[in-house]
Amino acid sequence: MQKNFLSQQFNAGTLAENSTACPANATICDGTSCVLAEDNFNQTLSIVLSTVLTIMLALVMFSMGCNVELKNFLGHIKRPWGIFVGFLCQFGIMPLTAFLLSLAFNILPIQAVVVLIMGCCPGGTASNVIAYWVDGDMDLSISMTTCSTLLAMGMMPLCLFIYTKMWTDSDAIVLPYESIGLSLVALVIPVSFGIFVNHKWPSKAKIILKVGSIVGAVLIVLIAVVGGILYKGSWIISPKLWIIGTIFPAAGYSLGFFLARIAGLSWHRCRTVSLETGMQNTQLCSTIVQLSFTPEQLELMFTFPLIYSIFQLLFALLILGGYRLYRRHRIKTKTNVEKTAQKEDSKSSVIINGGFVSDEMK
């Protein structure tokens, strides 16, 4: 009797120890083996951020459309040299750069694939906002974003087929055509309304543009910060991917600018092409990655799109800051030259007229 009582106490004590050994959120607990509930935090966060981002960017793109002249926009479509240069940058330079970086850093095959997916994505709508702030060609910027998103339907499978053959079967990568289509709709419809407002009520369009450009700039920074803080494990990733995530957008901006300049485009269009090349649709990349790989594979490279997004924004802000400083210096220099010229003209007129020269003119 006493033996049975001690045995029951021992079993109760063992169960108590096992129950404390298992986490509170365990769904099944058998001894030391515990099955935890699936953590859907990242997936839920991604859906929430994507929804908010899509709605807000649609409103921002409406305001960007208020700066587009229908005549100039159609001019780029009819004479698409600028769009063609942007096409070469988007689906020529970026996938090739992704391929070379993957080889140079000798990363894992699954990591190389996500870098290539990023390189094959179309341009993001955030580039339109930054292009506005650097006095770029808004007509070219929006037409490039629209065309690259539309052409991505065919160019993404082609580029992935060419560049991923040495690492994986391109058929294993699921392309969410509905997401690409949604991005296209979220771009074209708001911009179309913006163009219409600019055509009918130009004065109101200018007010909407100013408000939208500020909201857009704040939104881009906010999404990057919130995503960086809230994504669990976002900073636990291979150092090689950190380095690639830093180099890749910088290479996109630089190579896009130089190719546009070699093609003979004007300076403000070179800035536009540069931004359209370096700023990728990182949300689309994240969607493709989540649809294509298992949870175990995702641990190795899921946060690369977030890293790329952060650094593409940082470099875009550096470009914006550098341009603003250059513009301020240029305006100041131009003003000083004009004042000097006015003084010289005043002295000349005084000498010709035989008048006196005041102390201010000396």
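This note goes through a predicted model point by point, from its ground rules to its helices, cavity, cysteines and loops.

1. **Ground rules.** Residues are numbered from 1 along each chain as its sequence is written, and side-chain values use heavy atoms, with hydrogens and water left out. Because this is a predicted model, local features need pLDDT of at least 70 and side-chain atom pairs count only at pLDDT 80 or more, while totals for chains, interfaces and linings use all residues.

2. **Transmembrane annotation.** The unreviewed UniProt entry lists "transmembrane region" for residues 45–63, 83–105, 112–134, 140–163, 175–195, 207–229, 241–263 and 306–326. UniProt positions are given here in the numbering of this note, feature names are shortened, and annotations may be inferred rather than shown by experiment. Two of the listed stretches can be set beside the model. Residues 140–163 are 100% helix and 0% strand, with end C-alpha atoms 29 Å apart. Residues 241–263 are 96% helix and 0% strand, and there the end C-alpha atoms are 32 Å apart. Helices (H or I, at least four residues) and strands (E, at least two) are DSSP runs, numbered from the N terminus.

3. **The cavity.** How many cavities of 30 Å³ or more does the structure hold? There is one, and the largest cavity has a volume of about 80 Å³. A cavity here is a set of points, on a 1 Å grid over the protein atoms alone, where a 1.4 Å probe fits but cannot get out; lining residues have an atom within 4 Å of a point. Grid points are joined across faces, edges and corners, and the volume is the space filled by probe spheres set on the points.

4. **Its lining.** The largest cavity is lined by I83, G86, F87, Q90, F91, M144, T145, C147, S148, L151 and E276. Helices α4 (81–105) and α7 (138–163) are the elements that give two or more residues to this lining. By class, the lining residues divide into six nonpolar, four polar and one charged. Ala, Val, Leu, Ile, Met, Phe, Trp, Tyr, Cys and Pro count as nonpolar, Asp, Glu, Lys and Arg as charged, and the others, Gly among them, as polar.

5. **Cysteines.** With a disulfide taken as a pair of cysteine sulfur atoms within 2.5 Å, the count comes to zero. C120 is buried (under 20% relative accessible area, against over 50% for exposed and in between for partly exposed; 1.4 Å probe, protein chains only), with a value of 0%. C285 is buried too, at 0%.

6. **Around α12.** C285 is one of the buried residues of helix α12 (residues 282–292), the others being T282, L284, S286, I288, V289 and S292. N281 caps the N-terminal end of α12, with a side-chain oxygen 3.1 Å from the backbone nitrogen of L284. At Q280, the backbone nitrogen is reached by the side chain of Q312 at 2.9 Å. A polar contact is a pair of N or O atoms within 3.5 Å; within protein, one must be able to donate a hydrogen and the other to accept it, and residues adjacent in sequence count only if both atoms are side-chain atoms. Q312 itself sits in helix α14 (residues 304–353) and is buried, at 5% relative accessible area.

7. **Two positive phi values.** Most residues other than glycine have a negative phi. N106, in the loop between α4 and α5, has a positive phi of about 50° and is exposed at 60%. D135, in the loop between α6 (126–133) and α7, has a positive phi of about 55° and is partly exposed at 31%.

8. **Pairs separated in sequence.** G264, in the loop between α10 (239–262) and α11 (267–278), is exposed at 61%. G264 and W81 are 183 residues apart in sequence, with C-alpha atoms 9.9 Å apart. P80, in the loop between α3 (70–78) and α4, is partly exposed at 39%; its C-alpha atom is 9.5 Å from that of S143, 63 residues away along the chain.

Technical notes:
On a 1 Å grid over the protein atoms alone, a cavity is a set of points where a 1.4 Å probe fits but cannot get out, and a pocket is an open set with protein on both sides within 12 Å along at least five of seven lines; lining residues have an atom within 4 Å of a point.
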